[in-house]
Amino acid sequence: MSMQAHLAELERRHQALQREIEKEEALPGSDELKLHELKRRKLLLKDEISKLKTGKVEAAVD
């Protein structure tokens with residue numbers, strides 16, 4: 001996968017999480033733990049996107 005395609009996929013996932021957060025927040029009895037986890041995941045994606053855009057990607061060993 002090219003870096004541009006990877007970046008596009010991360011941005012798509014980031015937007016999907018935003019929609020899921022908005023949907024959860026609209027519920028009368030929204031689950032605060034679920035919201036916290038969704039927001040944490042969204043922030044991690046945002047950080048990764050930012051690193052890719054600024055060229056500060058370190059080699060990841062899985």
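**Ground rules**

I number residues from 1 along each chain as its sequence is written, and I use heavy atoms for side-chain values, leaving out hydrogens and water. Since the model is predicted, local features need pLDDT of at least 70 and side-chain atom pairs count only at pLDDT 80 or more, while totals for chains, interfaces and linings use all residues.

**Entry 1: the overall layout**

I started with the secondary structure and got two helices and zero strands. Both kinds of element are DSSP runs numbered from the N terminus (helices are H or I, at least four residues; strands are E, at least two). Helix α1 covers residues 3-26, and helix α2 covers residues 32-54.

How do α1 and α2 pack? I found an angle of about 155° between them, with their axes 9 Å apart. The axes are lines fitted to C-alpha atoms, for helices over the stretch in contact, and the angles run from 0 to 180 degrees between N-to-C directions. The two helices are therefore roughly antiparallel to each other. For that word I noted the cut-offs: under 35 degrees is roughly parallel, over 145 roughly antiparallel, 65 to 115 roughly perpendicular, and the rest oblique.

I also checked contacts (heavy atoms within 4.5 Å). Among those between residues at least 6 apart in sequence, 60% join residues at least 24 apart.

**Entry 2: what is inside**

Next I looked at burial. Buried means under 20% relative accessible area, exposed over 50%, and partly exposed in between (1.4 Å probe, protein chains only). Of the 62 residues in the protein, 21% are buried.

Which residues form the largest nonpolar core? I listed nine: L7, L10, L17, I21, L35, L38, L45, I49 and L52. Both α1 and α2 give two or more residues to this core, and α2 has the largest share with five. A nonpolar core here is a set of buried Ala, Val, Leu, Ile, Met, Phe, Trp, Tyr and Cys residues joined through side-chain atoms within 4.5 Å. My reminder from class: in soluble globular proteins, nonpolar side chains tend to be buried together.

Apart from neighbours within four places in sequence, L45 touches L10, R13, H14 and L17.

**Entry 3: salt bridges**

I searched the whole structure and got five salt bridges. The rule is a side-chain nitrogen of Lys or Arg within 4 Å of a carboxyl oxygen of Asp or Glu. I wrote up three of them.

E11 pairs with K53, with the closest N and O atoms 3.0 Å apart. This one links distant parts of the chain, 42 residues apart, from α1 to α2. E11 is partly exposed at 28% relative accessibility, and K53 is exposed at 54%.

E24 sits in α1 and makes a salt bridge with K34 (3.6 Å, N to O). K34 is in α2, 10 residues from E24, and is partly exposed at 38%. Beyond its neighbours within four places in sequence, E24 also has S30, D31 and L35 among its contacts.

E37 pairs with R40, the closest N and O atoms being 2.7 Å apart. They are separated by about one helical turn, because they are three residues apart in α2. E37 is partly exposed at 31%, and R40 is partly exposed at 40%.
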